[in-house]
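Please read this report with the sequence and the model side by side.

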Amino acid sequence: MSRLETAGLALALVLLAVTLAGVRAQGTALEDPDYYGQEIWSREPYYTRQEPELESFSPLLPAGPGEKWEPRPQEPRPSKKATNPKKAPRREKSAPEPPLPGKNSNKKGMKTRGSEKAASDDHRVRVAHEDVRESCPPLGLETLKITDFQLHASTAKRYGLGAHRGRLNIQAGINENDFYDGAWCAGRNDLHQWIEVDARRLTRFTGVITQGRNSLWLSDWVTSYKVMVSNDSHTWVTVKNGSGDMIFQGNSEKEIPILNELPVPMVARYIRVNPQSWFDNGSICMRMEILGCPLPDPNNYYHRRNEMTTTDDLDFKHHNYKEMRQLMKVVNEMCPNITRIYNIGKSHQGLKLYAVEISDHPGEHEVGEPEFHYIAGAHGNEVLGRELLLLLVQFLCQEYLAHNARIVRLVEETRIHILPSLNPDGYEKAYEGGSELGGWSLGRWTHDGIDINNNFPDLNTLLWEAEDRQNVPRKVPNHYIAIPEWFLSENATVAAETRAVIAWMEKIPFVLGGNLQGGELVVAYPYDLVRSPWKTQEHTPTPDDHVFRWLAYSYASTHRLMTDARRRVCHTEDFQKEEGTVNGASWHTVAGSLNDFSYLHTNCFELSIYVGCDKYPHESQLPEEWENNRESLIVFMEQVHRGIKGLVRDSHGKGIPNAIISVEGVNHDVRTANDGDYWRLLNPGEYAVTAKAEGFTASTKNCMVGYDMGATRCDFTLSKTNMARIREIMEKFGKQPVSLPARRLKLRGRKRRQRG
């Protein structure tokens with residue numbers, strides 16, 4: 001044997017020895033029940049965050065003037081999603097299964113579990129030890145955390161039905177055109193079709209959730225499928241059930257999500273779904289979400305740099321009705337001097353609609369201090385807004401106690417009202433189903449089937465018809481339009497929650513408000529109803545269009561993603577042409593929206609803020625969503641101090657309620673509150689402002705609005721008209737003034753009688 005051949009043989013033996021050593025080490029790691037548990041556990045708080053009991057929720061509080069704050073003792077509870085693998089006893093075969101993957105231990109949806117371990121490790125795809133099995137969150141197909149470049153498929157019917165459309169709960173466009181369709185659909189109907197996800201790092205896959213195609217006209221869904229995993233996308237290992245390939249049961253219709261857990265979690269980089277059967281009259285089409293825990297890689301700088309963290313010590317979890325009340329109580333106990341809990345009414349099922357007031361004088365309206373509100377949960381299944389407002393309540397309390405100058409100024413100069421759950425009945429339905437298995441609409445409506453967001457009186461049509469007849473402002477004003485009598489009747493199809501909001505808004509002189517919704521990432525401003533009755537989309541601006549555009553942009557521009565031109569659209573609409581904002585009517589027409597009602601019936605400028613593509617994100621996503629929205633939530637509240645404000649008083653210094661404030665060139669007025677104070681949102685500029693009231697002489701002055709934050713003070717003193725003074729004198733002496741026309745008629749009658 002030559003020297004070269006001898007050296008080659010020696011090198012081969014060395015490589016073989018190294019490979020065998022690596023396999024042994026890998027086998028040892030797999031046999032250790034704590035191996036994967038320790039890796040996943042170290043990624044706290046994203047995958048197995050231990051959530052504190054609400055009773056013990058008390059972040060460290062700084063010492064205030066003359067006080068010494070001491071934190072309450074906290075007793076951390078075990079996570080609902082997992083037990084600490086370092087202390088967990090080895091499970092017996094008869095032990096119950098762990099909670100289903102997804103939020104809140106989802107109760108609904110079809111589930112399939114294997115009774116035996118997968119039996120293939122031929123291609124170095126790791127099988128995670130069953131004893132450390134724990135639920136994993138979604139990888140992020142629905143939330144768009146998984147990019148289009150990470151989704152691949154064998155074939156596609158066309159681009160609009162490509163792999164990038166195979167995301168759970170994605171919605172098709174109205175026309176279901178070539179670009180925005182509602183699923184991935186294979187180009188051929190055979191057993192060789194597949195859709196796969198590249199997790200871009202080793203991931204512990206635990207389950208698959210599937211839906212059919214979102215379509216108004218077609219019925220397409222997959223009824224069974226196989227699951228395969230790979231480390232290199234070339235060699236694939238099929239999930240086994242004993243000695244054969246495991247067949248997972250798929251969908252029986254196109255909208256209800258179906259969860260299938262892998263019999264044993266699999267560790268790999270790629271996962272593939274291979275349809276085996278589909279609806280007889282349809283084709284291979286599906287939407288999906290993958291459940292998996294990415295394994296940490298300390299050497300991967302890219303992932304470490306892009307991981308979202310938060311330093312805020314808040315209660316990042318989903319709260320049912322009881323937990324929401326408890327959290328409000330805890331915050332109220334922490335900050336009793338600036339918070340008040342009250343309810344504005346009850347839901348159809350009798351649940352109280354709780355609101356939190358945050359102000360330096362809670363419970364009273366301070367003259368000159370504007371009122372602001374946030375509302376969430378009009379659609380009960382749009383849960384992210386609800387949780388963001390509960391986080392905001394905690395944050396404002398903590399930062400006020402920590403003497404954050406910005407928050408202290410906001411609380412002391414604004415009366416803030418936060419209503420986290422307008423539709424608690426619907427939320428309880430969505431909460432029972434959970435996040436991934438709740439679907440797109442479960443819990444959207446009230447218990448009696450009403451969409452609150454579109455349940456307010458249509459005042460737009462009343463105004464526009466009056467304008468066409470030239471009855472404005474003689475018979476119908478451009479503001480404070482009265483609610484029709486039919487709407488107020490008991491037989492009207494009006495939700496109890498809607499009536500409660502109307503009474504609330506009529507009682508409190510709100511200046512600015514935002515209602516948080518979900519399923520998109522955009523800020524919509526009124527009008528929401530198109531003026532042309534034959535159109536479904538038409539730009540329909542209010543007289544305050546420039547103000548509304550600024551208000552919408554103030555939220556969108558400070559959000560981490562809304563104005564990012566690189567981000568993928570949620571479903572079908574690209575809102576980047578208007579920097580993450582849209583006129584509601586140009587998007588889709590809605591009659592009786594809260595935004596239009598607020599603008600035409602009250603002083604309040606209301607906008608709809610869509611805070612995320614995923615209506616009901618997993619708990620592990622809440623810290624990141626909070627970081628996405630925190631600055632926007634605060635900046636939007638601060639806009640209540642933009643424009644002019646002041647008092648309208650009589651010559652004796654008494655405030656005049658219901659005085660009309662008009663701005664030249666803007667065909668929309670506001671009115672003063674009971675104490676004569678008013679607020680008028682305006683963009684920077686110089687304005688001719690007129691104050692007028694019945695029985696008083698109108699007064700006009702120029703008011704300058706600057707670019708700095710803080711409304712310009714613009715007060716008015718009105719003098720009574722001559723007729724008003726005469727009435728006042730006559731009433732003082734118990735007499736009524738005689739009108740001149742009536743007096744003339746009386747004199748003429750007397751002369752006729754004298755002549756006769």
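## Disulfides

Cys570 is buried, and Cys613 is buried too. Buried means under 20% relative accessible area, with exposed over 50% and partly exposed in between (1.4 Å probe, protein chains only). This is a predicted model, where local features need pLDDT of at least 70, side-chain atom pairs count only at pLDDT 80 or more, and totals for chains, interfaces and linings use all residues. Residues are numbered from 1 along each chain as its sequence is written, and side-chain values use heavy atoms, with hydrogens and water left out.

A disulfide joins Cys570 to Cys613. The term stands for a pair of cysteine sulfur atoms within 2.5 Å. By this rule there are five disulfides. With the bonded cysteines numbered in sequence order, the pairing reads 1-4, 2-3, 5-6, 7-8, 9-10.

| Disulfide | S to S | Torsion about S-S | Hand |
|---|---|---|---|
| Cys136 and Cys293 | 1.9 Å | about -115° | left-handed |
| Cys335 and Cys397 | 1.9 Å | 85° | right-handed |
| Cys570 and Cys613 | 1.9 Å | -60° | left-handed |

The link of Cys570 and Cys613 is left-handed, with -60° about the S-S bond. This pair links distant parts of the chain, 43 residues apart. Cys570 lies in the loop between α11 and β18 (581–583), and Cys613 in the loop between β19 (605–612) and α14 (622–638). Helices (H or I, at least four residues) and strands (E, at least two) are DSSP runs, numbered from the N terminus.

Cys136 is buried, at 2% relative accessible area. Cys293 is buried at 0%.

The link of Cys335 and Cys397 is right-handed, with 85° about the S-S bond. It connects distant parts of the chain, 62 residues apart. Cys335 is in the loop between α4 (321–334) and β12 (339–346), while Cys397 is in helix α5 (residues 383–401). Cys335 is buried at 3% relative accessible area, and Cys397 is buried at 2%.

## Sheets

An open sheet of eight strands has mixed pairing and the order β12-β13-β15-β14-β16-β19-β17-β18. Two strands pair if DSSP finds at least two bridges between them. Strands β12 and β18 form the edges, and each pairs on one side only. On average, neighbouring strands of this sheet are turned by 25° against each other, direction ignored.

Inside this order, strands β14 (residues 371–376) and β16 (residues 510–517) run parallel and are joined by six bridges. Tyr374 stands opposite Gly514 in β16.

Helix α13 lies across β14, β16, β17 and β19, and runs at about 160° to β19. Axes are lines fitted to C-alpha atoms, for helices over the stretch in contact, and angles run from 0 to 180 degrees between N-to-C directions. Contact means heavy atoms within 4.5 Å.

Another open sheet has four strands in the order β22-β21-β24-β25, with antiparallel pairing. Its edges are β22 (666–671) and β25 (699–705), each with a single partner strand, so one side of each is left without a neighbour in the sheet. The twist averages 30° from one strand to the next. Strand β21 (residues 660–663) pairs with β22 in the antiparallel sense over three bridges. Ile661 has Val670 in β22 as its bridge partner.

## Rings and charges

The structure holds 21 aromatic pairs. Rings of Phe, Tyr and Trp (its six-membered ring) pair if their centres lie within 6.5 Å; planes under 30 degrees apart count as stacked, over 60 as edge-to-face and the rest as tilted.

How are the rings of Tyr527 and Tyr599 arranged? Their centres are 6.0 Å apart and their planes at 75°, so the pair is edge-to-face. Tyr527 lies in the loop between β17 (520–525) and α11 (545–556), and Tyr599 in helix α13 (residues 594–601), so the pair ties together parts that are 72 residues apart in sequence. Both Tyr527 and Tyr599 are buried.

Two charges sit over rings. The charged end of Arg340 is over the ring of Tyr342, 4.3 Å from its centre. That of Lys615 is over the ring of Trp440, 4.0 Å from its centre. The rule asks for NZ of Lys or CZ of Arg within 6 Å of the ring centre and within 35 degrees of the ring normal.
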